[in-house]
Amino acid sequence: MGVLYFLKKVGEILKKGLTFWNAYNKIYLWNTESEVKKMSPRTGRPKAENPKNIDVKVRFDEIRHKQLLDYCQKNNLTRTEAIRKGIDLLLEQEKK
């Protein structure tokens, strides 16, 4: 978009009573609208096979929380990963 074209369009829009920024936004959006139509639709992230969409709240005392944090730091895990691992161990023991 050339500068002269831009200034001409701004002048036309300012005559209608809009502010400079309104004019700028209107011209910018008008010129990019055709570019947007050419783009392919956004697909986003792929759907997870087993989505983790359930939120669980757990309350710990200070000692248990410190133990969890120490374990996570030592094994380079997040708290969530450590808790899941603990549940897996409990279910594995139950099978025996």
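**Stop 1: the largest pocket**

Select the lining of the largest pocket: its residues divide into 7 nonpolar, 2 polar and 5 charged. Here Ala, Val, Leu, Ile, Met, Phe, Trp, Tyr, Cys and Pro count as nonpolar, Asp, Glu, Lys and Arg as charged, and the others, Gly among them, as polar. A pocket is an open set of points on a 1 Å grid over the protein atoms alone, where a 1.4 Å probe fits, with protein on both sides within 12 Å along at least five of seven lines; lining residues have an atom within 4 Å of a point.

Now centre the view on Asp55, Val56, Val58, Thr80 and Ile83, which lie nearest the pocket's centre among its 14 lining residues. The volume is about 450 Å³, counted as the space filled by probe spheres set on the points, with grid points joined across faces, edges and corners. Helix H4 (79–95) and H3 each supply at least two lining residues. H4 gives the most, with 5 residues.

**Stop 2: the whole chain**

Zoom out. This is a predicted model, where local features need pLDDT of at least 70, side-chain atom pairs count only at pLDDT 80 or more, and totals for chains, interfaces and linings use all residues. Residues are numbered from 1 along each chain as its sequence is written, and side-chain values use heavy atoms, with hydrogens and water left out.

Helices (H or I, at least four residues) and strands (E, at least two) are DSSP runs, numbered from the N terminus.

Next, colour by pLDDT, the predictor's confidence in each residue, from 0 to 100. The chain averages 78, and 59% of the residues score at least 70. Select residues 20–38: this is helix H2, with the lowest mean pLDDT of the elements, 57. Then select residues 62–75, helix H3, which has the highest, 96. Where pLDDT is low, the predicted coordinates should not be read in detail.

**Stop 3: Asn76**

Go to the loop between H3 and H4, where Asn76 lies. Its phi is near 55°, a positive value in a residue other than glycine. Is Asn76 buried or exposed? Asn76 is exposed, with a relative accessible area of 70%. Buried means under 20%, exposed over 50%, partly exposed in between (1.4 Å probe, protein chains only). Of the chain's 96 residues, 9% count as buried.

**Stop 4: Arg79**

Move on to Arg79, in helix H4. Arg79 counts as partly exposed, at 47% relative accessibility. Which residues does Arg79 touch, not counting those up to four places away in sequence? Show His65, Leu68, Leu69 and Cys72; contact means heavy atoms within 4.5 Å. Finish with a C-alpha to C-alpha distance: Arg79 and His65 are 9.7 Å apart in space and 14 residues apart in sequence.
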